[in-house]
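Good morning, colleagues. Please look at the sequence and the structure on the screen.

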Amino acid sequence: MAHLLLFLSLLALLGNLVFWFVAARQLRPAPSRDAAREEATEGGEEQRATPPVSVVVAVRNGEDLLDELIRGLLAQDYPNFELVICDDASTDGTYAKLSEWSRADERLRIIRVQQKRLPGKKQALAQAIKYAQHEWLLTTDVDCRPESTTWISMMIAARRADSELVLGYSPYALRNGWLNRWIRFEGVYTALQYLTSALIGRPYMGVGRNLLYSRGLYDRVGGFADHEHLAGGDDDLLVSAGATATNTVAATARPAWVWSLPSESWRAYYRQKTRHVSVSNAYRLPDKMWLTGLAASHLVFYFGVLAVAGLGLAKLAAALYALRLLALWPQSATLLKRLGHPDLVVWWPLLDAGLVFYYVVFAGAALFPRAASEKW
């Protein structure tokens, strides 16, 4: 039995090591092709490099966040863009605030959902996209803030000639406490999965907090119609339906980041993640299989170590765990620094172990997505 547990634990560790190694290799800092494309600003090349963009935001009861959001978006150093914000049937002063801003700047165009008929924000996003004037649609949320005034430029510059989707990165802002540490770590872990997958030609999801796509792709996949009954999935299911190895790229340079405000309570975080995990069941089968395999490798290793210790082989269990630290901690340190959270490096062993509880807690939402979606 001990030999079997040892074998399974080592096999699981190998799976984790491959993931972290590939992620570190794909996301290593390098001279950016995107930056080089931005420098091509003469004649027809300039026109291709700066197509008109519609920045699209759905807002529900976001009155207190609107000023900072709109100020940051209108400050973007991009020659041709509009900001389309849809008030998603808010019950606070959101629409009045939007009206004030729209009178002050003609680049801001506002619409309003009078009566909600769908869960989540898909109805508002679909309405905003229909109202938007341009081919390229760049989405974010009311609680997000661009890293730089070149955010739009960097997302556009990341495209190739045949691109229809650009997956951006959206880290969570630094706050005090363990909840914030966990949210930021789990956000990095999720980003590693979808960014690495896109970089190796297997895109499967993105985050609506920082996502660029063409109207042609949106129309071709039918917008959100196939999953409009689900509260989540306005971003990852759209990507899952339309992304291919050739039409999708990832923009990872820091000026292309969009920072998000984290949940302020464990309950709010649980609700947010349940909605997200519940739609993962609608991913393509190969994507579900590799994500399940990654989760299984994590669980098998830790439960294997505990089982080895339970057999009275404490030294062997300690050696297995020490091997994990030696193999994975350096890679994780590189990636945590690369993705904006160097302070989490020292906490990585605890956060890595915390993924066991994360997988167990949210397994129900993945296995019973309809019940989870209806609950929230």
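Which residues make the nonpolar surface patch of about 920 Å²? Before I answer, please note that we are looking at a predicted model. The patch is made by M1, L4, F7, L8, L11, L14, V18, V300, L311 and L313. Helix α1, which covers residues 2–26, gives the most to this patch, with 6 residues. M1 is placed in the segment before α1. Is M1 buried or exposed? Its relative accessibility is 67%, and because exposed means over 50%, M1 counts as exposed.

How many salt bridges does the count give here? The count comes to 16 salt bridges, and I shall discuss some of them.

Let us begin with D87 and R112, whose side chains meet in a salt bridge at 3.4 Å, N to O. This pair links distant parts of the chain: D87 sits in strand β2, residues 81–88, while R112 sits in strand β3, residues 108–113, and the two are 25 residues apart. What are the surroundings of each partner? D87 has a relative accessible area of 0%, so it is buried. R112, at 33% relative accessibility, counts as partly exposed.

The next pair is D162 and R160, with a salt bridge between their side chains at 3.8 Å, N to O. Here D162 has 43% relative accessibility and therefore counts as partly exposed. R160 is partly exposed too, with a value of 31%.

Which residue does the side chain of E164 meet in a salt bridge at 2.9 Å? The partner is R220, and the distance is again taken from N to O. This pair also links distant parts of the chain, for E164 lies in the loop between α7 (151–157) and β6 (165–167), R220 lies in helix α9 (residues 215–220), and 56 residues separate them. E164 has 19% relative accessibility; the limit for buried is under 20%, so E164 counts as buried. R220, by contrast, counts as exposed, at 51% relative accessibility.

To close, I would ask you to find two places on the screen: the nonpolar patch to which helix α1 gives the most, and the salt bridge between D87 and R112. Thank you for your attention.

Key
Residues are numbered from 1 along each chain as its sequence is written. This is a predicted model: local features need pLDDT of at least 70, side-chain atom pairs count only at pLDDT 80 or more; totals for chains, interfaces and linings use all residues. Side-chain values use heavy atoms; hydrogens and water are left out. Patches are made of residues with over 30% relative accessible area and no salt bridge: like charges are joined within 9 Å, nonpolar side chains (Val, Leu, Ile, Met, Phe, Trp, Tyr) within 5 Å. Accessible areas come from the Shrake-Rupley method with a 1.4 Å probe; for residues, only the protein chains shown count as cover. A salt bridge is a side-chain nitrogen of Lys or Arg within 4 Å of a carboxyl oxygen of Asp or Glu. Helices (H or I, at least four residues) and strands (E, at least two) are DSSP runs, numbered from the N terminus. Buried means under 20% relative accessible area, exposed over 50%, partly exposed in between (1.4 Å probe, protein chains only).
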